[in-house]
Amino acid sequence: LEERSPSARDVRHRVLARNAVLFWQDERQPQAIEIVEGTVRAARLWSDGSRQILAFFWPGDIIQAAALQRYTAEAVTRCVLRPRSHEEVSTFESSGTDQALQASICLLAATGKKSATSRMAWFLLQIYEHLPQDPRRANALRFTIPRNDVADYLGMSMETACRTLAAFRARGLIDLPTRKTICYRDMAQLARVAQSPKWEDA
């Protein structure tokens, strides 16, 4: 699942395959890890077999070391990672567990008591700057987050997530050329939907 990146300039770079585990929940993570390429999800696993996605880490993010991580980190896409030494990372940075907690609080503050449409609009605005350009289609971005991850993160069913994206497309807010690409058509309206408690109020 894990291999060295032959093209990486830094010999410490390593490649993590899609869906491979970077570290498990309740493991010690002694070293900080920088995301160079790709996307990593932080997921809390429960005793009944279910999970809750707490946060996503993007290129440039650093997952801090922790004596005991409270979530499992998995590669959403193929990832290039680089371990960071204590000297390279500020000692004032939050631990990896605190990072995920802070992201969860931010999600709750932004989407709590809001409709599925508002939550989806907020999410699309949040990930916009992180999505890579699609090389085959002009003005299209690669929608790297699977639909089930989107639904899990936003606290909705898979059917609701897909139906909401389809409604956004019908309204001209976005386009979905393929299941793995997205075009943002009306950012201003997306922002209004994200702030409105109901779709009709946007």
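Thr164 is buried in this predicted model, with a relative accessible area of 7%, where buried denotes under 20% relative accessible area, exposed over 50% and partly exposed the range in between, computed with a 1.4 Å probe on protein chains only. The residue is found in helix α4, helices being DSSP runs of H or I with at least four residues and strands runs of E with at least two, numbered from the N terminus. Not counting residues up to four places away in sequence, Thr164 touches Ala116, Thr117 and Met120, a contact being defined by heavy atoms within 4.5 Å. Residues are numbered from 1 along each chain as its sequence is written, and side-chain values use heavy atoms, with hydrogens and water left out. Because the model is predicted, local features need pLDDT of at least 70 and side-chain atom pairs count only at pLDDT 80 or more, whereas totals for chains, interfaces and linings use all residues.

The contacts of Thr164 belong to the packing of α2 against α4, in which Ala116, Thr117, Met120, Ala121 and Leu124 of α2 meet Thr160, Ala161, Thr164, Leu165 and Phe168 of α4. The two helices pack at an angle of about 75°, with their axes 10 Å apart, the axes being lines fitted to C-alpha atoms over the stretch in contact and the angles running from 0 to 180 degrees between N-to-C directions. Helices α2 and α4 are therefore roughly perpendicular to each other, a description that applies to angles of 65 to 115 degrees, while those under 35 count as roughly parallel, those over 145 as roughly antiparallel and the rest as oblique. The residues of this contact divide into 7 nonpolar, 3 polar and no charged; Ala, Val, Leu, Ile, Met, Phe, Trp, Tyr, Cys and Pro count as nonpolar, Asp, Glu, Lys and Arg as charged, and the others, Gly among them, as polar.

Helix α4 (residues 158-170) also packs with helix α3 (residues 147-154), the axes coming within 8 Å and crossing at roughly 105°. That angle makes α3 roughly perpendicular to α4. Here Arg147, Asn148 and Ala151 of α3 meet Met158, Ala161, Cys162 and Leu165 of α4, and the residues of the contact divide into 5 nonpolar, 1 polar and 1 charged. Helix α3 is largely enclosed by the rest of the structure, since 7 of its 8 residues are buried. Among the buried residues of α3 are Arg147, Asp149 and Asp152; Asp152 has a relative accessible area of 14% and touches Arg51, Gln52 and Ile53, not counting residues up to four places away in sequence. Just after α3, Gly155 takes a positive phi of about 70°.

In the largest nonpolar core, which has 34 residues, Met120, Phe123 and Leu124 touch the most other members, a nonpolar core being a set of buried Ala, Val, Leu, Ile, Met, Phe, Trp, Tyr and Cys residues joined through side-chain atoms within 4.5 Å. Two or more residues of this core come from each of β6 (51-57), α1 (96-111), α2 (116-127), α3, α4, β12 (181-184) and α5 (187-195), and α2 gives the most, with 7 residues. Met120 touches Val150, Leu154, Met156, Ala161, Thr164, Leu165 and Phe168, not counting residues up to four places away in sequence. Apart from this core lies another, of 18 residues, among them Leu16, Ile33, Ile63 and Cys79.

Cys183 is found in strand β12 and is buried, with a relative accessible area of 4%. Leaving aside neighbours within four places in sequence, Cys183 is in contact with Asn139, Ala140, Leu173, Ile174, Asp175 and Pro177. Asn139, in the loop between α2 and β10 (141-142), has a positive phi of about 65° although it is not a glycine, and at 62% relative accessibility Asn139 counts as exposed.

The chain has 5 helices and 12 strands, and 47% of its 202 residues count as buried. The mean pLDDT of the chain is 86, and 86% of its residues reach 70 or more, pLDDT being the predictor's confidence in each residue, from 0 to 100. Over residues 4-9, however, the pLDDT is below 50, and this stretch has 9 contacts in the model beyond near neighbours in sequence. Where pLDDT is low, the predicted coordinates should not be read in detail.
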